[in-house]
Amino acid sequence: MSRTALRICPLCEATCGLTLTVEGTRVTGARGDRDDVFSQGFICPKGASFGAVDADPDRLRTPLVRRDGELREATWEEAFDAVAAGIRPVVERYGPNSVGVVLGNPNVHTMAGALYPPVLLAGLGTRGIFTASTLDQMPKHVSSGLLYGDANAIPVPDLDHTDHLLLIGANPLESNGSLCTAPDFPGKLKALKARGGSLTVIDPRRTRTARLADRHIPIRPGTDALLLAAMAYVLFEEDLVELGELTPHVQGVDELRDAVRDFTPEAVTGACDVDAATIRTLARELAAAPTAAVYGRIGSCTVPHGTLASWLVDVLAILTGNLDRPGGALFPQAATDRTPRPAGPGRGFALGRWHSRVGRHPEAKGELPLSVLAEEIDTATDEGEPVRALVAVAANPVLSAPDGDRLDKALGSLDFMVSVDPYLNETSRHAHVVLPPPPPSRSAHHDFAFNTLAVRNQVRYTRPAVPLEPGRMAETEILARLTLAVTGMHGADPSAVDDLVIGQTLGKAVEEAHSPVHGRDPKELAAQLTGDNGPERRLDMMLRLGPYGDGFGVRPDGLSLKKLLAHPHGIDLGPLRSRLPQPLKTRSGKVELLPQPIADDLPRLRQAMAERPDGLVLVGRRHLRSNNSWMHNVPALTGGSNRCTLHIHPEDADRLGVRDGAAVRVKGAGGEVTAPAEVTDGVRPGVVSLPHGWGHDRPGTRLGHASADPGVNVNQLLDGSLLDPLSGNAVLNGVPVEVAPAG
């Protein structure tokens, strides 16, 4: 007998509502939830494949513990005993920094990944924190931290109301958006054009998004910051700067004018391969539009000047008065945000509070570059202990980080490793203990991170669609027990983690003068929390203390878990609205337009104006039916155009003697791979493209479908030495490669 259940899709950042068809304990179908307040029935191929993802037979069902060199099935008790016995001696002998923690992208797609890693990191006390952010988005966090004083204060384009949208290095028709949570991004772009707005796409590839645009500009990869700086120059030169209502909230305009004076359109055109007249037109159109938004993503982040490009995206919004106004770029406000504090100066944002041991790379947002994890393990120095033990949560850096071969060897040398992962993949195969979370249908869902980036304020929560099977453990409990095991509290009740967080949070809240619970008793407030378990009680607490919350009875119409459960399709909290100066946490209390670290990095950008790469450069690409490496194990999400091929322009193919479909060798600083060529004018001349997440050919994994068509690891072409110096983000795009016919 079949039934239906609601579930928010966790497979990309769009967070669409799904209606699942469930027969017994098996999900047999998925369609868009037409009543969802945010996605309104939209669904993409990933969401439609939810049942196949959920039922993948290669998902691990029980923990694995390494015995006599082999990973064997074990009980949960045996697994956590092994974790405590493996991690604690390392900490006690060598100190907390000898333990590294790697957090992968899926952590931000689950409640467990949002709620428990911060507690684990605080309890462990290590500075060896590595996440997928330094392979993707750290430049945006750093630029936001420097501009606004808060690395998580990221403005998003008001897609539903803007008149002019400029996309740079973004392909939302295939990625569904990133750092901009927007169900049906394609529909929003089509609606923009239907209401008379304009869409410009700057990308070296003619992507599906570029084909929709009014104008596509095939820029030379890696030169985004130069083009954006030249646009800022034009705004000053032609007296087009108009801050409007932003004026009292911004400092540094005159200093910025001086800083960009060398970046004329004529000076950057050779490096960008975009003519000066086009650059001037882009700036004039941005200034002339009634409202406008600039949106830059992974193509503009994973380049040598990623932080400068991310900074300039916001600079253009500020100079044209389009920051913090409807139709421009606005700061979302999630229901679980902290209680808004009064506007005023804050602590600001600092970089380089500590450095990596080997390469002396500065931390950013508390993280070290994931690209340097291998050297932190395999290289001895006088600067402290190497990483001897590793905790990896939903991470596969052997495929996602540069030079996977070196990292693969380094992981094999660790004293101990624990991996929280549903698969035995290229990284978790090295673990001494593997802790598998259940399929997504068995987990509750609320989007803590993505609601802070959503194009409309809303709140949704879905409980598990299917109960846990015997022998399975909820992901929240896995991470709670893991936290206890690695912090010296092994054996304590996992509810102790939630109780600790609730006590600390309420204890601080009652002391804050602006809090709705100021002066009240934390224990009395904790007793009022509702929910079936610790994670739900924590969600209830965050909702009630948040900007829309009931304040524990202070605002009877406000949010609580009880109210949210009464609205299974979510609660609409309205369009984005102007919020400045409240989000600002800089020391000045203003938007600091030219922070010193940015000014110090501009000479490096000036030098780039003279660079003219002669050979081919590599860029990545994403497919609508893929997101992370583990999706290649789902047959419904592979095949067709989702193949690991090298895109190469016909002119380059003719010059190099490359035939369509023939094998080609691609060589970079980190190694060499062989892949089929796909000759296409979808890339500009001088550029080749390989998709990320492939390379499933290592022994010892259990990825049956993926290993049958493994593809090649594009990141093996990189040696990890190229980083954006401000953010530590890996340079994955615009890197030189050599291409030749195989054999």
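A salt bridge is counted where a side-chain nitrogen of Lys or Arg lies within 4 Å of a carboxyl oxygen of Asp or Glu. By that criterion Asp54, Arg61, Arg442, Glu469 and Arg472 are linked in a network of salt bridges, and the structure holds 43 salt bridges. The model is a predicted one, in which local features need pLDDT of at least 70 and side-chain atom pairs count only at pLDDT 80 or more, while totals for chains, interfaces and linings use all residues. Residues are numbered from 1 along each chain as its sequence is written, and side-chain values use heavy atoms, with hydrogens and water left out.

Side chains of opposite charge can pair when their charged atoms come close. Asp36 forms a salt bridge with Arg460, with the closest N and O atoms 3.1 Å apart. This pair links distant parts of the chain, since Asp36 sits in the loop between β3 and α1 (45-48) and Arg460 in the loop between β18 (456-459) and α19 (475-486), 424 residues apart. Helices (H or I, at least four residues) and strands (E, at least two) are DSSP runs, numbered from the N terminus. Both Asp36 and Arg460 are buried, where buried means under 20% relative accessible area, exposed over 50%, and partly exposed in between (1.4 Å probe, protein chains only).

A second pair, Arg604 and Asp724, has its closest N and O atoms 3.6 Å apart. Arg604 is partly exposed, with a relative accessible area of 25%, whereas Asp724, at 0% relative accessibility, is buried.

Two sheets come next. Strands of a sheet pair through backbone hydrogen bonds, either parallel or antiparallel, and two strands are taken to pair if DSSP finds at least two bridges between them. An open sheet of three strands has the order β1-β2-β3, with antiparallel pairing. Its edge strands, each pairing on one side only, are β1 (2-8) and β3 (26-32), and the twist averages 30 degrees from one strand to the next. Such angles are taken between axes, which are lines fitted to C-alpha atoms (for helices over the stretch in contact), and they run from 0 to 180 degrees between N-to-C directions. Strand β2 (residues 17-23) is joined to β3 by six bridges, and Val22 has Val27 of β3 as its bridge partner.

An open sheet of four strands has the order β11-β10-β9-β13, with parallel pairing. Here β11 (215-217) and β13 are the edge strands, each pairing on one side only, and neighbouring strands are turned by 15 degrees against each other on average, direction ignored. Strand β9 (residues 164-168) pairs with β13 over four bridges, and the bridge partner of Leu166 in β13 is Val294.

On a 1 Å grid over the protein atoms alone, a cavity is a set of points where a 1.4 Å probe fits but cannot get out, and lining residues have an atom within 4 Å of a point. The structure holds five cavities of 30 Å³ or more, and about 110 Å³ of space lies in the largest cavity; grid points are joined across faces, edges and corners, and a volume is the space filled by probe spheres set on the points. β8 (156-157), β13 (293-296) and α15 (306-319) each supply at least two residues of that lining.

Some backbone details remain. Asp324, in the loop between α15 and β14 (329-330), has a positive phi of about 65 degrees although it is not a glycine, and Asp324 is buried, with a relative accessible area of 9%. Asp273 lies in the loop between α12 (265-272) and α13 (276-288) and has a positive phi near 60 degrees, but Asp273 is partly exposed at 42%. Finally, a cis peptide bond with omega of about 10 degrees joins Leu580 and Pro581.

Technical notes. On a 1 Å grid over the protein atoms alone, a cavity is a set of points where a 1.4 Å probe fits but cannot get out, and a pocket is an open set with protein on both sides within 12 Å along at least five of seven lines; lining residues have an atom within 4 Å of a point.
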